[in-house]
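Let's take a walk through this model together, looking at how its side chains meet.

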Amino acid sequence: QVQLVESGGGLVQAGGSLRLSCAASGSIASMNIMGWYRQAPGKQRELVATYSSARHRVYADSVKGRFAISRDNGQNTVYLQMNSLIPEDTAVYYCYAKRSVVVGMGSISNTEYWGQGTQVTVSS
């Protein structure tokens, strides 16, 4: 069973920076996708950034140019560097991983994993 543990959240002023970390109990090299989602009060959970095993990065338009996702397979850790933070970034941030395996006649089975979340609060 894979477990994901986030850290690095906190309270910062607008314009500040935070670096979130997600440590996995297993090898993230076996994960096809790793990334970050966030959920603010009264809003649905939304994609922030993903990093595929092919080293392809995807960012939400709202964070593009300000956030950067990276993976360290040797340390089994994924990071989210957040710069130029604004109050709209306030949310609980969740680490995410997906492992896809080919079974049978080329069909794909997906398994998803979620961390417990870490709070990020940006004051104005």
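We can start with the aromatic rings, where the count comes to 3 pairs. Please keep in mind that this is a predicted model. In one of the pairs, Tyr-37 and Tyr-96 have ring centres 5.3 Å apart and planes at 65 degrees, so their arrangement is edge-to-face, the cut-off for that class being over 60 degrees. Tyr-37 belongs to strand 4 (residues 33–39) and Tyr-96 to strand 9 (residues 91–103), so this pair ties together parts that are 59 residues apart in sequence. Both Tyr-37 and Tyr-96 are buried.

Stay with Tyr-96 for a moment and look towards Trp-114. The rings of Tyr-96 and Trp-114 have centres 4.9 Å apart, with planes at 55 degrees, so this pair is tilted. Here strand 9, which holds Tyr-96, is tied to strand 10 (residues 107–114), which holds Trp-114; the parts joined are 18 residues apart in sequence. Are these two side chains buried or exposed? Tyr-96 has 6% relative accessibility and therefore counts as buried, whereas Trp-114, at 34%, counts as partly exposed. Taken together, Tyr-37, Tyr-96 and Trp-114 make up one aromatic cluster.

Arg-19 lies over the face of Tyr-79, 3.9 Å from the ring centre. Over the face of Tyr-51 you will find Arg-71, at 5.8 Å from the ring centre.

Now for the charged pairs. Side chains of opposite charge can pair when their charged atoms come close. Arg-38 is buried, with a relative accessible area of 6%. One of its partners is Glu-46, with 2.8 Å between N and O; at 29% relative accessibility, Glu-46 counts as partly exposed. Arg-38 also forms a salt bridge with Asp-89, where the closest N and O atoms are 3.0 Å apart. Asp-89 sits in the loop between strand 8 (77–82) and strand 9, while Arg-38 is in strand 4, so the pair ties together parts that are 51 residues apart in sequence.

Asp-89 itself is buried, with a relative accessible area of 1%. It meets Arg-66 in a salt bridge as well, at 2.8 Å from N to O. This pair, too, links distant parts of the chain: Arg-66 is in the loop between strand 6 (57–59) and strand 7 (67–72), 23 residues from Asp-89. Both Arg-66 and Asp-89 are buried. Through shared partners, the salt bridges join Arg-38, Glu-46, Arg-66 and Asp-89 into one network.

Finally, turn to Glu-6 in strand 1 (residues 4–7). Leaving aside neighbours within four places in sequence, Glu-6 is in contact with several residues, including Cys-22, Trp-36, Tyr-94, Cys-95 and Thr-118.

Conventions
Residues numbered from 1 in each chain as written. Predicted model: local features only at pLDDT ≥ 70, side-chain atom pairs only at ≥ 80, totals over all residues. Heavy atoms only, no water. Phe/Tyr/Trp six-rings, centres within 6.5 Å; stacked < 30°, edge-to-face > 60°. Helix = DSSP H or I, 4+ residues; strand = E, 2+ residues; numbered from the N terminus. Buried < 20%, exposed > 50% of the residue type's maximum accessible area, 1.4 Å probe, protein only. Lys NZ or Arg CZ within 6 Å of the ring centre and 35° of its normal. Contact = heavy atoms within 4.5 Å. Salt bridge = Lys/Arg side-chain N within 4 Å of Asp/Glu carboxyl O.
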